[in-house]
Amino acid sequence: MKNKRIGTLVSDILRWIYLIFFVFISIGPLLWIVMSSFKTNKEILSSAFALPSNFSFAGYEAALKLAPIFKFYNNSLLISMVSTILNILVVSMAAYILARCRFRGKTFLTLLLSSSLLIPTSSLLMPIYIIMTKIGLYDTKTGLIIVYAALGLPSSLFIIKSYFQSIPVELEEAAYLDGAGFAKTYFLIVFPIAKSGLATAAILQFLTSWNEFMFALILTKSTLARTLPLALNYFTSQFSFNYTAMFAALAMVIIPSILIYTLLQEQVTDSMVAGSIKG
Amino acid sequence: MRVKKRMIVCFLLPCILLFALIYLIPMGIVFVTSFCEWKSGGVFHFVGLRNYIEAFVNDTRMHQALKNTGIWALLQSTVHVGIGTVTAFILSRKIKGWKILRTIFMIPNVISAAALGVIFLNVFNPKYGLLNSMISTLSGSTFSKNWYFDQNSAFLTVTWSWLLYAGLVMILVLAGVMSVPEDVLEAARIDGASGLQIDFKIRLPLVRTILGTCVIISATSMLREFELIYLTTNGGPGDTTLNLPLYLYKTSLTDNNYGYANMMGVLLIILGIFAVFAINKLFRMSESDY
Amino acid sequence: MMKRGFRKVVGVLLIGVMAISMLSGCGAKNKETGNKSNTGNTQVSDGGNESGKIIEINFPTSWVGVSSSTEWFNDRLKAFNEQYSDKYKVVVEEIAGDQAYVDKIKVLYSSKSLPDVISTGGYNLIDSMKDQMVDLTPYVDDQWKKSISEVCWDVNSRDGSIYGIPYSRQVIGYFYNKDLFEKAGIKEPAKTWDEFFAQCDKLLAAGITPVSMDTADSGWLTSLLLGAMIASDDEGEAFMNTSLPKNYNTKEFIDAAGMIQKLFQNYTTQDAIGGKYENGASNFFMEQTAIIANGPWMISDFYDANMVEEGFSDKIGTAMFPGDVMYNSGKIGFNIASKSEEQLKASLDFVKFMTSADSQLKMLEMTGEIPAEINVTSDNIYPLVTEVIENSNKAARNINDFQSLWYANVVDEISIQYPLLAQGQITPEEFATALTKAAEKN
């Protein structure tokens, strides 16, 4: 009996060491950025991890002056949200078919769609640029929305598909037998059940769009369609730098995405609990 | 489940259209031009397999890039997924504060690569970096190692920037584990199974497809990893931390050798399809659990 | 039955797409409508409304944010748009970051849609893109040609044709900290490289790290030293004035690489390997190093309280590299890639304005960049800038910098090979071979 208790104690301690280590490496960097945004250039470059000598918001002022952060902010929010909705709607429909139906060419289609997971986006940069200019979506938010919805296609597909596969099929079949159409069954029955999977995929999709840099740079040219990550480049150029302003901007980019994530995460939890009760 | 054909088509169509526009057509362009010499402007001509032969026979940098990409993909699909899964199982027991921990572990995946790159450069800075200062304080003597640019440590240091940050895997597995029906677990408990036994014998097999997804996402993310290397070592010192996507980027944007770059794109796609296929088989992904 | 279901789905999708494009498209439209002619598809510009129409000039720039030219550029842009408000309008695309700028121009080039006017601020894109750039030779008259120093036309010309309009001269020596020199017992900057190394030893003995160096982003600070070392004799000087050299296996180059290796191993800071310009600069600003090679645009930072301690600028001296070597060359100027005659005229007017004597004077005063025009001088500048200009007039050997001379992938390769060289994993010979191999890829 006593041995067992010591065993539990040891495993508890090991567990907590493990968890604390990961907490440290996960939020340490974040705290560091926030702290650095209150330091002067000199302090950042001489002693990166010392506390700031006095807290000043000069970095934030400079950041807002140097780059059109608020404008980019609105763009980022709109583009990320709409691309997430588009992505989840389009991908989940396909994922449902791939998870539930048998038809010729299914394996091929799955493989084809999955292959998009492996393509380094930088290799497609130029062709996509050409296509976007040709169909007149260059430098529009719509263009970025479509590209971002596609960028998240493979991971959303995988997540949503494997969720559909883990949901018992009986419910849908019952609805189906009751005479509900396929589309109706899907949107009214399946969609709510798969809420947790969809929400997880949606969060990831949102973050992908929020943080993407390369396409935002290449596919836009006016500040009307540009997104937040592009603002970070305003603070270093080859021969000049303003670290304080850059870290302030970093903090302004990072903190909202963490907040948004945390808020949405609650949603996932709720639906997950609900889902597991239903079994 | 039997569904009418037309319904299948119209559920798949939007996704296929999106895929065609952003992936398929560009992929077609990439594939065709991988057999061409295409160096600048729009001038290119067909050279057959020359790009491929050059890559496999002569290009030692290519070999290094392939090797690194492979090692990273392997590490990511084992260690990385392992860490995420262990964390998920610990949290799934609903220990105190598990919700907060779940959010915290996800934070590095929420932060953009541009931000992470800046952070890591400062953590591993030889002069004032966090790691060296910590080691110096602990050991009591000055310690200076140039983590990113010493040939012995560069590879591991770059690996650090993604290997341990398994928040995504954790969250996917956790969601899967928690949706394992309670009655299944109850039955096992009545049979006298211990916590660990339940974890290994019941929960783990039940999240098989999700684990497979995680392995696919993790392994293939290494076929795309670019920004974090670009922003820290840029492939150096020498070719120590060069991987295929970075090499591709450099070949197209610094060497302006688009044909050769697109050949790498094709190689990556082939590698990826192979990986997905193998993992699919390994985890029997296409079968449902119910 | 099925048909209706299908239509429903398509309907929902269409509504969704329409809602999206209305939400997002509208905002962009306002600016888009007049702007079409410049995106590369020229179909709109030639027809349409004739009388009193305002031509738009497309100009992407990296002169935004912290770039040292931001203030100057905004001032000039405003003046131009005012002066030509009835004829032209410059549509500026802000691309922050030099590398991002060059990358974007390359993508535009590959799809044959270069903007009207390009200014890379030093990067040489002429060799790789001149087929899509306008040959400006017919538009440059003799008087114009004479007013600007010859070196500036040289770097902007290929085979006698002019592809860039110069606005600035690249004048680079090194700065040193007089206080630290005094502490180490050094009277004046070295005349030879042997003396330079002897001074480094003295600095070390006094507990001072001699030189600021870097390796990232083509190792600007380090490569400036490398170039100056190469130019120690006539052949080396010729090499540092040769465009796109392919062979680096020369005695001068290997000797210089050997000296750089020595500097890395004994005379610089720990963070030099892998470090960027920022790290090297801040070491100098904080008086942790005594020497830094860089151009006069850095001088305004010597007076900036956010960067340095009060009175720092008084401690700084300027010097030529040993052997009286100075970087004294033209800088790549404004390139034009307009597609129609009308656009070209507009672009030329814009470029003329941006490179006018007046604009160059403003640039000298605001950024410390040396004008391309010979007669432009000002009393309203930092004394250190004047010192640098005086040095350049005395220099025995004038050379050009690696970023405008060497192939882009060679410049990139330097960053990769420096750490290996510094840590002794490759010899100077192997360093030279690696660069030669990179150059041969072109």
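This is a predicted model: local features need pLDDT of at least 70, side-chain atom pairs count only at pLDDT 80 or more; totals for chains, interfaces and linings use all residues.
I'll start with chains A and B. Their contact takes 74 residues from chain A and 75 residues from chain B. On the chain A side, the elements giving two or more residues are helices H1 (2-36), H4 (69-100), H5 (106-115), H6 (121-134), H7 (141-151), H8 (153-165), H11 and H13 (243-278). H13(A) makes the largest contribution to that side, at 12 residues. What is the make-up of the side of chain A that touches chain B, by nonpolar, polar and charged residues? There are 48 nonpolar residues, 23 polar ones and three charged ones.

One of the helices on that list is H11 of chain A. H11(A) runs over residues 195-211, which makes 17 residues. From first C-alpha to last, the helix reaches 24 Å, close to the 24 Å expected at 1.5 Å a residue. H11(A) is also mostly covered, with 15 of its 17 residues buried.

Next, chains B and C. Here 27 residues of chain C are in contact with 28 residues of chain B. On the chain C side, helix H1 (2-32), helix H4 (98-110) and helix H18 (408-422) each supply at least two residues. H18(C) gives the largest share, seven residues. By class, this side of chain C has nine nonpolar, 11 polar and seven charged residues.

Now the domains of chain A. The assignment gives domain 1 as 2-36 and domain 2 as 58-278. Their C-alpha centres lie 31 Å apart. How many residues of domain 1 of chain A are in contact with domain 2 of chain A? Four, and they meet four residues of domain 2. The domain 1 side of that contact has three nonpolar residues, one polar and no charged.

Last, the core. The largest nonpolar core has 303 residues. Those touching the most other members are Ala94(A), Val147(A), Ala150(A), Ala249(A), Leu250(A) and Val173(B). H4(A) supplies the largest share of this core, 14 residues. Both domains of chain A take part, as the core draws at least three residues from each of domain 1 and domain 2.

To look at one of those core residues, take Ala249(A). Which residues is Ala249(A) in contact with, leaving aside its neighbours within four places in sequence? They are Ala63(A), Ala67(A), Ile69(A), Ala231(A), Leu232(A) and Phe235(A).

Conventions:
Residues are numbered from 1 along each chain as its sequence is written. Chains are lettered from A and ligands numbered from 1 in the order in which they are written. Helices (H or I, at least four residues) and strands (E, at least two) are DSSP runs, numbered from the N terminus. The expected span of a helix is 1.5 Å times one less than its number of residues. A residue is buried if 20 or more other C-beta atoms lie within 10 Å of its own, exposed if 12 or fewer, and partly exposed in between; C-beta atoms are placed from the backbone. Two residues are in contact if their C-beta atoms, placed from the backbone, lie within 7 Å. Ala, Val, Leu, Ile, Met, Phe, Trp, Tyr, Cys and Pro count as nonpolar, Asp, Glu, Lys and Arg as charged, and the others, Gly among them, as polar. Domain bounds come from an automatic or database domain assignment. A nonpolar core is a set of buried Ala, Val, Leu, Ile, Met, Phe, Trp, Tyr and Cys residues joined through C-beta atoms within 7 Å.
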